[in-house]
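Please keep the sequence and the 3D view at hand while reading.

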Amino acid sequence: MFKWQLINDSITQEDKQQLIDYISVDNVRFTQGSKVKEFENAWSEWLDVKHSVFVNSGASANYIMVSILKELKGTGEVIVPTLGWVSDVSPIVNLGLKPVFVDVSLETFSTDLEKIKPLVNKNTIGVTLVHCLGFNAITDKLVDYCKENDLFLIEDCCESHGATYNSQKIGTFGDVSNFSFYFGHHMTTIEGGMVCTNDDEIFQYAKMFRSHGMTRLDYLQDDELGMKLQKKYETLYPDLNPLFTFAVPGYNVRNQELNAVLGLSQIKRLDYNIDRRVENLNIWIDSLSKEKFFVDFTIEGNSNFALPLIVLNSDKNRFIRVCDILEDNQVEYRIGTAGGGNQAKQPYLEKYDYYAGDLPNSDYIHEFALYIGNHSELKEEQIKELCKKLNEES
Ligand SMILES: Cc1ncc(COP(=O)(O)O)c(C=O)c1O
């Protein structure tokens with residue numbers, strides 16, 4: 001058992017009490033219902049976005065986003081960064097689209113417009129931006145470029161809840177965005193994810209893809225947009241049962257009332273947790289040796305997911321010593337990034353059509369970077385003490 005774990009249990013007694021209270025009444029509803037809707041509304045308000053759709057994981061949300069991209073733009077190439085998670089890429093190949101990998105920068109672990117532009121051609125239909133490890137990757141220029149070139153912009157914010165660009169939360173700039181509430185992220189619903197958008201049509205698609213592709217979206221029958229969509233399909237397809245009309249090839253990735261109750265309880269502490277994690281990151285960066293480790297991160301708008309460490313000068317021996325120091329001090333770590341480093345190296349891709357050119361920064365991070373857990377209850381002395389050991393002993 002590590003003393004400093006990657007993930008700490010963040011479900012409090014208060015959270016558990018909320019769950020107990022919820023199930024203690026008669027005739028309780030467990031499947032998706034009014035609590036899911038309440039959590040979606042609370043999330044939309046927190047993020048400042050028009051619509052949110054609660055699903056059973058961040059990965060399911062990735063599938064929904066790429067499915068919507070395909071509905072709107074057909075098939076083609078999607079530019080996707082090498083650092084992120086497998087579910088940024090797997091829906092692209094599974095849906096018959098082509099992933100085109102783009103490199104990242106050491107400053108943000110994320111990609112940028114200058115790296116994206118040379119990869120755009122007449123077949124490009126979309127760009128996925130992953131805000132990796134809590135770093136913001138959005139710029140006005142990137143958003144404008146995607147609009148001007150008719151590229152569907154997906155923002156994966158699963159590691160970056162509350163990160164901002166010009167004081168606006170990320171996840172509100174692209175056509176659609178997603179968040180993960182898996183155990184260990186900024187807040188948890190045990191398993192869970194959210195698809196967010198300001199666009200009414202994308203919202204309807206997200207709800208249909210979440211629930212079998214059915215036009216019968218609104219279990220509460222209180223959403224005007226949803227009811228309109230149902231009516232539209234009833235008129236267009238009078239020979240079909242309106243309760244079983246499937247407009248898109250959807251999934252069943254709904255979430256449940258208990259997870260939403262937990263989300264409603266956890267969201268109250270989200271801003272506090274984000275502030276603590278950012279403070280921890282600042283202490284971490286300030287305390288690391290600038291001669292041995294890369295510290296020029298772009299921290300503006302950061303909402304840290306985990307504390308990153310990049311060894312300078314391709315020094316493999318130092319990297320090995322760093323791993324030893326962490327193990328000796330019972331600090332759990334992962335090499336690369338949360339997604340295992342450079343995704344373009346993964347074997348599942350061998351059977352699919354993809355493009356990966358030179359990816360020097362991704363390869364460097366894959367080999368010389370690691371991260372450790374960042375918890376809201378970490379103490380300043382604890383972080384400084386570990387940095388001292390890393391600086392002096394590696
Ligand atoms: C960038 C990114 N996207 C998507 C996911 C998938 O989220 P989940 O674990 O909720 O499926 C993760 C997982 O942590 C992630 O880091």
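## Basis of the report

The model is a predicted one, and the values given here are to be read as computed from that prediction.

A search of the whole structure finds 16 salt bridges. In one of them the side chains of R210 and E40 meet, with an N to O distance of 2.9 Å. The two partners come from distant parts of the chain, R210 from helix α7 (residues 200-210) and E40 from helix α2, and they are 170 residues apart.

Are the two partners buried or exposed? R210 has a relative accessibility of 2% and therefore counts as buried, and E40, at 6%, also counts as buried, the cut-off for that class being under 20% relative accessible area. Helix α2, in which E40 lies, covers residues 34-47. In another direction through the model, the C-alpha atoms of E40 and L312 are separated by 43 Å, and these two residues are 272 residues apart along the chain.

## Other salt bridges

D315 and R318 form a salt bridge through their side chains, at 3.6 Å from N to O. D315 is partly exposed, with a relative accessibility of 23%, whereas R318, at 14%, counts as buried.

A salt bridge also joins K345 to D363, where the closest N and O atoms are 3.6 Å apart. K345 lies in the loop between β11 (333-335) and β12 (355-356), while D363 lies in helix α11 (residues 360-368), so the pair ties together parts that are 18 residues apart in sequence. K345 counts as partly exposed at 48% relative accessibility, and D363 is likewise partly exposed, with a relative accessible area of 30%. Elsewhere, E77, K98 and D353 are linked in a network of salt bridges.

## Patches on the surface

Which residues gather in a patch of negative charge on the surface? They are D324, E327, D328, E392 and E393, and the elements that give two or more residues to this patch are α10 (316-328) and α12 (380-393). Helix α10 provides the largest share, three residues. D324 is found in helix α10 and counts as partly exposed, with a relative accessibility of 37%.

A nonpolar surface patch, with an area of about 290 Å², is made by L236, Y237 and L240. L236 lies in helix α8, which covers residues 224-236, and L236 counts as exposed because its relative accessibility is 53%, where the class begins at over 50%.

## A buried residue in a strand

A369 has its place in strand β13, which covers residues 369-373. With a relative accessibility of 1%, A369 counts as buried.

## Two positive phi angles

Most residues other than glycine have a negative phi. F109 has a positive phi of about 60 degrees, although F109 is not a glycine. Where in the chain does F109 lie? F109 lies in the loop between β3 (98-102) and α5 (113-116), and at 0% relative accessibility F109 counts as buried.

N166 also has a positive phi, near 50 degrees, in a residue other than glycine. The place of N166 is in the loop between β6 (164-165) and β7 (168-169). With a relative accessible area of 55%, N166 is exposed, whereas F109 is buried.

Conventions: Residues are numbered from 1 along each chain as its sequence is written. This is a predicted model: local features need pLDDT of at least 70, side-chain atom pairs count only at pLDDT 80 or more; totals for chains, interfaces and linings use all residues. Side-chain values use heavy atoms; hydrogens and water are left out. Patches are made of residues with over 30% relative accessible area and no salt bridge: like charges are joined within 9 Å, nonpolar side chains (Val, Leu, Ile, Met, Phe, Trp, Tyr) within 5 Å. Accessible areas come from the Shrake-Rupley method with a 1.4 Å probe; for residues, only the protein chains shown count as cover. A salt bridge is a side-chain nitrogen of Lys or Arg within 4 Å of a carboxyl oxygen of Asp or Glu. Lys and Arg count as positive and Asp and Glu as negative; His and the chain ends are not counted. The place of a charge is taken as NZ of Lys, CZ of Arg, CG of Asp or CD of Glu. Helices (H or I, at least four residues) and strands (E, at least two) are DSSP runs, numbered from the N terminus. Buried means under 20% relative accessible area, exposed over 50%, partly exposed in between (1.4 Å probe, protein chains only).
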